[in-house]
Amino acid sequence: MVEMMWRLVGRSATPIVCGVYRTAAGLKVISHYADSTDALIRGERVADMDVAYDVAAVWKQAALELGLTEIR
């Protein structure tokens, strides 16, 4: 992981993590359940970290609107 963007939790009590990862194809923003990077929720390739911050912020806002809460 290049950078952790946020951690949220919902009714399931399983934390959801969003981070930026370096892949063979370049940078990718990925959200997944904290207990397994194989439990992918969403992923998107991005050109650079500025775009990664924007994508992660949009995803976080959408999740918060669905009732998830931030883990600090």
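Trainee: Which residue of E3 stands opposite Tyr21?

Mentor: Tyr21 faces Lys28 in E3. This is a predicted model, in which local features need pLDDT of at least 70 and side-chain atom pairs count only at pLDDT 80 or more, while totals for chains, interfaces and linings use all residues. Residues are numbered from 1 along each chain as its sequence is written, and side-chain values use heavy atoms, with hydrogens and water left out.

Trainee: How many bridges join E2 to E3?

Mentor: Strands pair if DSSP finds at least two bridges between them. Strands (E, at least two residues) and helices (H or I, at least four) are DSSP runs, numbered from the N terminus. Here eight bridges join E2, residues 16–23, to E3, residues 26–33, and the two run antiparallel. Besides Tyr21 and Lys28, Val20 stands opposite Val29, and Arg22 has Leu27 as its bridge partner. A hairpin connects E2 to E3 through two residues.

Trainee: What joins E3 to E4?

Mentor: Six bridges join E3 to E4, residues 40–46, and this pair also runs antiparallel. The hairpin from E3 to E4 passes through six residues.

Trainee: And which residue stands opposite Trp6 in E2?

Mentor: Trp6 stands opposite Cys18. Five bridges join E1 to E2, which run antiparallel. The hairpin of E1 and E2 has six residues between the strands, and in it Ala13 takes a positive phi near 70 degrees.

Trainee: In what order do the strands lie in the sheet?

Mentor: Five strands form an open sheet in the order E4-E3-E2-E1-E5, with antiparallel pairing. E4 and E5 (69–70) stand at the edges with a single partner strand each, so one side of each has no neighbour in the sheet.

Trainee: Is E2 largely enclosed or left open by the rest of the structure?

Mentor: Burial is read from relative accessible area: buried is under 20%, exposed over 50%, partly exposed in between (1.4 Å probe, protein chains only). Six of the eight residues of E2 are buried, so E2 is largely enclosed by the rest of the structure.

Trainee: Where does helix H1 lie?

Mentor: Helix H1, residues 49–65, lies across E1 (3–9), E2, E3, E4 and E5, and runs at about 5 degrees to E1. Such angles run from 0 to 180 degrees between N-to-C directions, with axes fitted to C-alpha atoms, for helices over the stretch in contact; contact means heavy atoms within 4.5 Å.

Trainee: How many salt bridges are there?

Mentor: Side chains of opposite charge can pair when their charged atoms come close. A salt bridge is a side-chain nitrogen of Lys or Arg within 4 Å of a carboxyl oxygen of Asp or Glu. By this rule the count is two. Lys60 forms one with Glu70, the closest N and O atoms being 3.0 Å apart. Lys60 lies in helix H1 and Glu70 in strand E5, so the pair ties together parts ten residues apart in sequence. Glu70 forms a salt bridge with Arg72 as well, at 3.6 Å between the closest N and O atoms. Salt bridges that share partners join Lys60, Glu70 and Arg72 into one network.

Trainee: Is Arg72 buried or exposed?

Mentor: Arg72 counts as exposed, at 86% relative accessibility. Glu70, at 32%, counts as partly exposed.
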